[in-house]
Amino acid sequence: MKLLLELRDQGRGKDMQAVVEQIPYMRFLGISVDRKGNEITTIMPFRQQLIGNVMLPALHGGAIGAFLEVTSVIQLLFDTACERLPKTIDVSIDYLRSGRPQTTYGRAIVTRHGRRVANVRSEIWQDERSKPIAVSHGHYLLTPF
Amino acid sequence: MEPIDDHLSQIPHAAAIGMTLIQHDDNGCVVKIPYADHLVGDPDTGVVHGGAITALLDNTCGMAVRIPGVAREDVMMATLDLRIDYMAPAEPHQDILAHAVCYKRTRNIAFVRATAYQSTPDDPIATCVASFMFTGTAEGGFSGVETTP
């Protein structure tokens, strides 16, 4: 199966919800995508298996990192038609606030887009966009059509 | 290597990913995740998603900060930052292991590095550096390195 090729051939190259639904790990995290025009917001509703600290309680740093990564990749795929999923080269995550057991939202910006490598910044928040719980920047290897 | 008794099963996200603690001593700690269908990030290749490796590295680094024998409730901490370099895709249908070493603990902060690998640590699929802040004890007191036995 060639996920991205199939979607393109069906005329759904910009359907990021279809991408997250077909990637098992994104389904496991429960991530969905909201599109308003050319703006993409990723959404990760709370579920118990995202918890990393039962006492606080707080989301697992790994779930936060994964959500940032998904947010970056989805934005990249939306901006650039790719033959294969971008490969993460490196990612640097700053944890700013503890993630509470509630829905988390994500937005990303492709800061630099080269032919083979893109640099992407992402931020995720809960109640207030101006109070991100974590931010990331990373490099991704691209396979454009 | 057999899993040893640990608290990973008490951490919902760690349990959902399938993490088991293999080793935890003065040389750091080793955590394993078995290959599983729900961890796949690329259905075309079956390669595990980077996010699962992020979670594994984050959790392994955090555990390496803990000194073996010190109660979990006595040291609370938060990840400050995590930087990961991905060297190679994880080979499908093979376990992924992470080995983390806390190379410096100060009163407030702990510094950790880690490697994720499959067959041998000499052939890493990802490496990472992380820093953690001590945030107190479950009772609300501050712990820092005062809990060092």
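This is a predicted model: local features need pLDDT of at least 70, side-chain atom pairs count only at pLDDT 80 or more; totals for chains, interfaces and linings use all residues.
If we walk along chain A from the N terminus, the elements come in the order α-α-α-β-β-β-β-α-β-β-β-β, where helices (H or I, at least four residues) and strands (E, at least two) are DSSP runs, numbered from the N terminus. Chain A has a radius of gyration of 15 Å, close to the 15 Å that the globule rule gives for 145 residues, so chain A is as compact as a globular protein of that length; the radius is taken over C-alpha atoms, and the rule is 2.2 Å times the number of residues to the power 0.38.

Residues are numbered from 1 along each chain as its sequence is written, while chains are lettered from A and ligands numbered from 1 in the order in which they are written.

Now to the place where the two chains meet. The contact takes 33 residues from chain A and 32 residues from chain B, and two residues are in contact if their C-beta atoms, placed from the backbone, lie within 7 Å. On the chain A side, α3 (24–29), β3 (51–53), α4 (61–79) and β5 (87–95) each supply at least two residues, and β5(A) gives the most, with eight residues.

β5(A) also pairs with strand β5 (residues 76–86) of chain B, in the antiparallel sense and over five bridges, where pairing requires that DSSP finds at least two bridges between the strands. In β5(B), B:Ile84 is the bridge partner of A:Val91.
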